[in-house]
Amino acid sequence: MEEIKNPQEENTSVEVVDIQFRTGQKVYYFDPAGKTYKAGQHLIIDTARGIEYGICAKGNHTIHQMEVVTPLRQVLRVATEQDEKTVKENQEKEARAYKACLQKIEEMGLDMQLVSAECAFDGSKILFSFTADERVDFRELVKSLASMFHTRIELRQIGVRDKARLVGGLGICGRPFCCGSFLEEFHPVTIKMAKTQNLSLNPTKISGTCGRLMCCLKYEQEAYEDLLRKAPKNESFVDTPDGRGTIIEVDLMRQRVKVKLEEQTDTAIWHKNEDIAVLRSGKAKKTDPPIPADLAPISGNGKRKKEERVEEKTRYLDSIRLRYSEETIAEETSAPEEVPAAEEKPAEKKENRKNRHNRRQKTAKKTATAPAQEAPAQPEATEGEGAQSQKKRTFHRRRHFHHKKSKSGEQG
């Protein structure tokens, strides 16, 4: 299936050819009329002033329709040898007309400066351009020039900027004049723009070759105005992370200010606009109220933030120290050693004592029952032996049943 093309999309781009009438001057767009041209070719073009001779600066290419100034005129043809001869004759005629006009101006004493003399390609007229501080009556000059060249004479008074456009040249930036290369209209440039951009007010530095303020001051004016709305004024009293101070320099492009500190008058520090707080905008006036000494929204908050951070760190370390301190470690290590020893040792002693007591009771019972059973077989004990056995029993009672000596003595 064939794709359906939108007619508006097809008309968005236009094929054009770049034509320059004189070297160093502005380039104009023309319609190639379906033909292909290359850069450097000499062409004959249909212009608003008639048929003109020009040089192709750039071959066929497409541009957006919004960049074209309507109506777009066409390129008629490539220049022939006869056209080249006509151009040379016209250039010689322009040189003669320029000299003749200068001579007539001196003779008549007219207060005017001749800039250029242009002869039309078909020789139908000669156009003289001049500059003057005031209006000049040049009617007699026109009559004398017309009788001399036998053609139509036009004199046009132009400004110094138009003179720079016609003459051409290089600016202080090293590039061709903006007015002669791409500027279509002259925009008003004021000294306020130089002040806004913080440039030197020396006329030789901010003026162009024409003697007027440079056209490029207008290019960045909107950007500077936008930055000025956001940036603080010079000599404003501000608060910074390093303390309060006064702004002594403003850098609009880098969005920063140089602050002279209040406490340290010998030091000045650069700060970004987002890192400061304006306490007083602009230079101090007599009617302005005094600024409180404790008003420090940036430096005060900064100290508080530092203190809070330190507190958070100390809290975090305190919790670790309390949890794993030497005291708790000593308690945890000593508790399992001391407590079981204190509890287990008495229990072991009690068990040993009971076992010993039980054994001795058993032996005592055995000793008590054994003589009764074996009594008929043994001989009768003497009085001395009975006394010794009685002493052993009393000693055994005193040792194992904790009887006092007095009691044992009474029993004995």
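Tutor: Two strands count as paired if DSSP finds at least two bridges between them. In this predicted model, strand 3 and strand 5 run antiparallel and are joined by three bridges.

Student: Which residue is the bridge partner of Ile45 in strand 5?

Tutor: The partner is Val75. This pairing belongs to an open sheet of five strands, ordered 2-1-4-3-5 with antiparallel pairing. Strand 2 (27–30) and strand 5 are its edge strands, each pairing on one side only. From one strand to the next, the twist averages 45°.

Student: What is the strand order of the open sheet formed by three strands?

Tutor: The order is 6-7-8, and the pairing is mixed. Strand 6 and strand 8 (152–157) stand at the edges with a single partner strand each, so one side of each has no neighbour in the sheet. The twist here averages 20° from one strand to the next.

Student: How many bridges pair strand 6 with strand 7?

Tutor: Six bridges pair them, in the antiparallel sense. As an example, Cys119 has Ile126 of strand 7 as its bridge partner.

Student: Where does helix 2 lie relative to these strands?

Tutor: Helix 2 lies across strand 6 and strand 7, and runs at about 150° to strand 6. Helix 3 also packs on the sheet, where it touches strand 7 and strand 8, and its direction makes about 145° with that of strand 8.

Student: At what angle do the axes of helix 2 and helix 3 cross?

Tutor: Two packed helices are described by the angle between their axes and the distance between the axes. For helix 2 and helix 3, the axes cross at roughly 140° and come within 11 Å. The crossing is right-handed. Helix 2 contributes residues including Arg96, Ala100, Lys104 and Met108 to the contact, while helix 3 contributes Glu140, Leu141, Leu145 and Phe149, among others. By class, this contact has nine nonpolar, one polar and three charged residues.

Definitions and conventions:
Residues numbered from 1 in each chain as written. Predicted model: local features only at pLDDT ≥ 70, side-chain atom pairs only at ≥ 80, totals over all residues. Heavy atoms only, no water. Helix = DSSP H or I, 4+ residues; strand = E, 2+ residues; numbered from the N terminus. Axes fitted to C-alpha atoms, helices over the stretch in contact; angles between N-to-C directions. Contact = heavy atoms within 4.5 Å. Left-handed = near helix turned anticlockwise from the far one by under 90°. Nonpolar A, V, L, I, M, F, W, Y, C, P; charged D, E, K, R; others polar.
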